[in-house]
Amino acid sequence: MNTRPLSLAVVGHTNTGKTSLLRTLLRDSGFGEVRNAPSTTRHVEEAAISDGADMLVFLYDTPGLEDAGGVLEWLENHTDNRSDGIERLQQFLSSHGAHHDFNQEAKVLRQVLQSDMAMYVIDAREPVLDKYRDELIILSWCAKPIMPVFNFTGGQLPEAWTTMLARRNLHVFSGFDTVAFDFEGELDLWNKLATMLPQHEVIDRLTATRRREWTRLDKEARHEIADFLIDAAAFRQEVDENGDTAPVLQTMQAEIRQLERQMQQRLFALYRFYHNEIDGGDWMPQAFRQDPFDSELLKQYGIRTGTGAATGALIGLGLDIATLGGSLGLGTAIGGFLGGILPNTRTISDKLNGRQTLHTDPENLTLLAARALNLLHVLQTRGHAAQSDIELHSRKAPWDAARLPPELNKARSHWKWSSLNTHRPETSRAERAGYVEKLQIRLSGK
């Protein structure tokens with residue numbers, strides 16, 4: 001079904017977050033320029049949202065209004081107050097002043113007159129000032145529906161603003177923080193817009209598209225995390241019974257770190273967060289730069305470490321701790337465990353053949369899962385205009401490290417499931433596909 005797209009002008013005072021709003025609605029951290037400076041947007045910029053079949057909404061980022069009071073004074077001095085608002089604005093737009101003294105305001109008004117409606121972006125931290133009242137007066141003369149949108153709300157809408165808006169017959173407004181993103185808040189914004197339009201089919205299609213897309217992104221992200229975890233769990237290396245495990249442990253740690261970075265990059269790309277320095281070594285937010293094999297990080301997530309935990313894990317493998325200590329050296333076993341890679345002679349065959357099998361321990365697999373789910377939460381709740389450092393307020397393990405999901409336990413006995421073993425990513429991915437699907441569902445809590 002073809003639907004005429006909605007044309008929507010995004011307007012407001014300088015530096016209230018218009019471009020930030022568009023970045024978040026477009027899921028595009030690269031749209032426009034966002035910085036703490038006046039008049040960053042100098043021209044009208046167009047963007048569009050489609051459902052894959054039709055264009056649904058054209059969005060127009062406009063320059064900031066800086067001198068609405070001057071425009072009102074010009075209108076009072078040069079137009080007949082008995083004329084309607086559009087007539088008076090048209091006189092203004094054809095004047096010398098519109099091309100010179102009030103160039104930015106003229107660009108905004110032209111776009112609103114050409115659009116179906118406007119969103120008036122308000123910085124909720126600002127007090128109600130005369131300049132904002134003046135802006136609403138001249139925008140109302142365009143005779144187009146106007147919906148105020150509060151940015152930087154911190155979870156609350158200021159009463160002084162809502163009272164002022166009500167006095168101007170602006171009773172429909174939305175709070176939409178472009179820094180702390182809330183998906184349901186976005187749908188609320190679109191649905192409130194729909195109440196102001198005679199035809200709301202296009203908004204109905206848009207919200208349905210958005211919900212499908214959000215569900216798809218969540219599923220794909222959890223699939224990426226599950227795939228990474230099983231890849232890491234299946235990774236193992238063998239050394240001689242009396243061989244030096246330290247170099248092998250270091251190499252395994254480095255390969256798992258790289259595997260984690262690749263997964264993190266895919267999540268950033270999936271949610272369309274772009275970083276110019278992503279190909280360098282400093283692109284990851286500070287909160288995720290800590291080494292996943294740092295024992296302090298395990299403690300931050302409440303994951304038990306130490307000799308007691310190591311001994312318990314070894315006993316849990318069904319091995320005689322005294323015999324293991326005699327063949328490998330208990331210090332070697334526990335030292336490797338605390339490094340995140342657990343020496344494990346899991347079978348009598350290994351012991352008879354004088355081998356040690358090294359693999360990622362349950363504690364570090366649990367930590368890798370927790371970090372990945374933390375990153376996903378950040379990407380799902382961070383606006384695309386946010387520029388502040390990421391802070392993790394909650395560090396929680398998704399399961400008890402002593403009770404790994406069965407899919408991860410299964411992976412430990414299937415070395416072909418790890419691309420780090422086979423060096424054939426597509427083959428290993430196909431081998432583990434069924435269990436990745438099961439773990440992805442488990443990570444979704446379904």
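Start by selecting Y435: this residue is partly exposed, with a relative accessible area of 25%. Keep in mind as you look around that the model is predicted.

K438 lies over the face of Y435, 4.7 Å from the ring centre.

Next, bring in W417, which counts as buried at 4% relative accessibility. W417 and Y435 form a tilted aromatic pair, with 4.9 Å from centre to centre and 35 degrees between the planes. Where do the two partners sit? W417 is in the loop between helix 17 (406-411) and helix 18 (419-422), while Y435 is in helix 19 (residues 425-443), so the pair ties together parts that are 18 residues apart in sequence.

How many aromatic pairs does a search of the whole structure find? The search finds 10. For another of them, select Y132 and W161. Y132 belongs to helix 6 (residues 130-140) and W161 to helix 7 (residues 159-167), so the pair ties together parts 29 residues apart in sequence. Are these two residues buried or exposed? Y132 is buried, with a relative accessible area of 5%, and W161 is buried too, with 1%.

Then select F176, F181, F183, W214 and Y271 together: ring pairs link these residues into a cluster.

For another charge over a ring, pick R125 and F152. R125 lies over the face of F152, at 4.1 Å from the ring centre.

Time for some helices. Show helix 9 (residues 201-234) and helix 10 (residues 246-270), whose axes come within 10 Å and cross at roughly 175 degrees. The crossing angle is over 145 degrees, so helix 9 is roughly antiparallel to helix 10. Which residues meet here? On the helix 9 side, select L217, E220, A221, E224, I225, F228, D231 and A232. Their partners in helix 10 are I256, L259, E260, M263, R266, L267 and L270.

Finish by colouring the chain by pLDDT. The chain averages 83, and 81% of the residues score at least 70. Where pLDDT is low, the predicted coordinates should not be read in detail.

Note on methods
Residues are numbered from 1 along each chain as its sequence is written. This is a predicted model: local features need pLDDT of at least 70, side-chain atom pairs count only at pLDDT 80 or more; totals for chains, interfaces and linings use all residues. Side-chain values use heavy atoms; hydrogens and water are left out. pLDDT is the predictor's confidence in each residue, from 0 to 100. Rings of Phe, Tyr and Trp (its six-membered ring) pair if their centres lie within 6.5 Å; planes under 30 degrees apart count as stacked, over 60 as edge-to-face and the rest as tilted. Helices (H or I, at least four residues) and strands (E, at least two) are DSSP runs, numbered from the N terminus. Buried means under 20% relative accessible area, exposed over 50%, partly exposed in between (1.4 Å probe, protein chains only). A charge sits over a ring if NZ of Lys or CZ of Arg is within 6 Å of the ring centre and within 35 degrees of the ring normal. Axes are lines fitted to C-alpha atoms, for helices over the stretch in contact, and angles run from 0 to 180 degrees between N-to-C directions. Angles under 35 degrees count as roughly parallel, over 145 as roughly antiparallel, 65 to 115 as roughly perpendicular and the rest as oblique. Contact means heavy atoms within 4.5 Å.
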